[in-house]
Amino acid sequence: MSIPSVRSSAVRTAAPHSPGRRRLPLVLAAACAVAGALALAPTAQAVTPAYVTANYDCGTWGHGQARLTPADSGTSKTIKITSSEITMPPGTSADPNSITATLKLTKTSGGATSQVQFSGKLNPGMAYPNPITLGPLKLTSGTLAAGDTTNSVVLSGAPSATNWSLQIVASSPTSATVPCVATTIQSAPIVW
């Protein structure tokens, strides 16, 4: 009686150049690249306080309290401006992203004082009597390091083309240049 040969069902090993063997190094390389990118990516910085208020006189657009909300993503520093007391005047409107706003702030760094500016063209559609919403405006002039503080540029006199702390330039459909002066310092300095 002959014993039938038993065929081995041994596990097949992958050929040296099979796709399965190439995947592991590629996966490891991708994981290392992601980890390296995360380690080198700038991190968001805590800016305090979360928001501040200051009073602005914007002529025909109104005057009163505005809220400045700062942020630091690690790659850009921004301030968003909102106010229910500064509004589009009767008969005016603004298309989305049609207002260029520039905000001047006093910067204090290590006891030295200078000026920085935030600017941008980012707004929702607005019409009378909508409150203004401008930005977030990006830091476009000057630099800010950790620990630097900023505050309103308080000016005396009426707002004009040469006397402004905040300038609002609307382009569509209403065309207007609106200078504003800060009439008070902020409720607290912004610490970057």
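pLDDT is the predictor's confidence in each residue, on a scale from 0 to 100. This is a predicted model, in which local features need pLDDT of at least 70 and side-chain atom pairs count only at pLDDT 80 or more, while totals for chains, interfaces and linings use all residues. Residues are numbered from 1 along each chain as its sequence is written, and side-chain values use heavy atoms, with hydrogens and water left out.

**View 1. Confidence across the protein.** The mean pLDDT of the protein is 86. A value of 70 or more is reached by 78% of its residues. Over residues 6-14 the pLDDT is below 50. Beyond near neighbours in sequence, this stretch has 1 contact in the model (contact: heavy atoms within 4.5 Å).

**View 2. The disulfide of cysteine 58 and cysteine 180.** The structure holds 1 disulfide (a pair of cysteine sulfur atoms within 2.5 Å). Cysteine 58 is joined to cysteine 180, S to S 2.1 Å. The link is right-handed, with 115° about the S-S bond. Cysteine 58 lies in the loop between β1 (52-57) and β2 (63-72), and cysteine 180 in strand β11 (residues 176-182), so the pair ties together parts that are 122 residues apart in sequence. Strands (E, at least two residues) are DSSP runs, as are helices (H or I, at least four), numbered from the N terminus. Cysteine 58 is buried, at 1% relative accessible area. Cysteine 180 is buried too, at 0%. Buried means under 20% relative accessible area, exposed over 50%, and partly exposed in between (1.4 Å probe, protein chains only).

**View 3. Threonine 174 in its loop.** Threonine 174 lies in the loop between β10 (166-170) and β11. Its relative accessible area is 14%, so threonine 174 counts as buried. Leaving aside neighbours within four places in sequence, threonine 174 is in contact with Gly91, Thr92 and Ser93. A polar atom of the threonine 174 side chain lies 3.0 Å from the backbone nitrogen of serine 93.

**View 4. Strand β5 and its partners.** Two strands pair if DSSP finds at least two bridges between them. Strand β5 (residues 99-109) runs antiparallel to β10, joined by 5 bridges. Here threonine 102 has glutamine 167 in β10 as its bridge partner. With β9 (residues 149-152), β5 forms 4 bridges, again antiparallel. Lysine 107 has threonine 150 in β9 as its bridge partner.

**View 5. The hairpin of β5 and β6.** Strand β5 and strand β6 (residues 112-120) run antiparallel, joined by 9 bridges. Alanine 101 stands opposite glycine 120 in β6. The hairpin has 2 residues between the strands. In this hairpin, glycine 110 takes a positive phi near 60°.

Terms used: A polar contact is a pair of N or O atoms within 3.5 Å; within protein, one must be able to donate a hydrogen and the other to accept it, and residues adjacent in sequence count only if both atoms are side-chain atoms.
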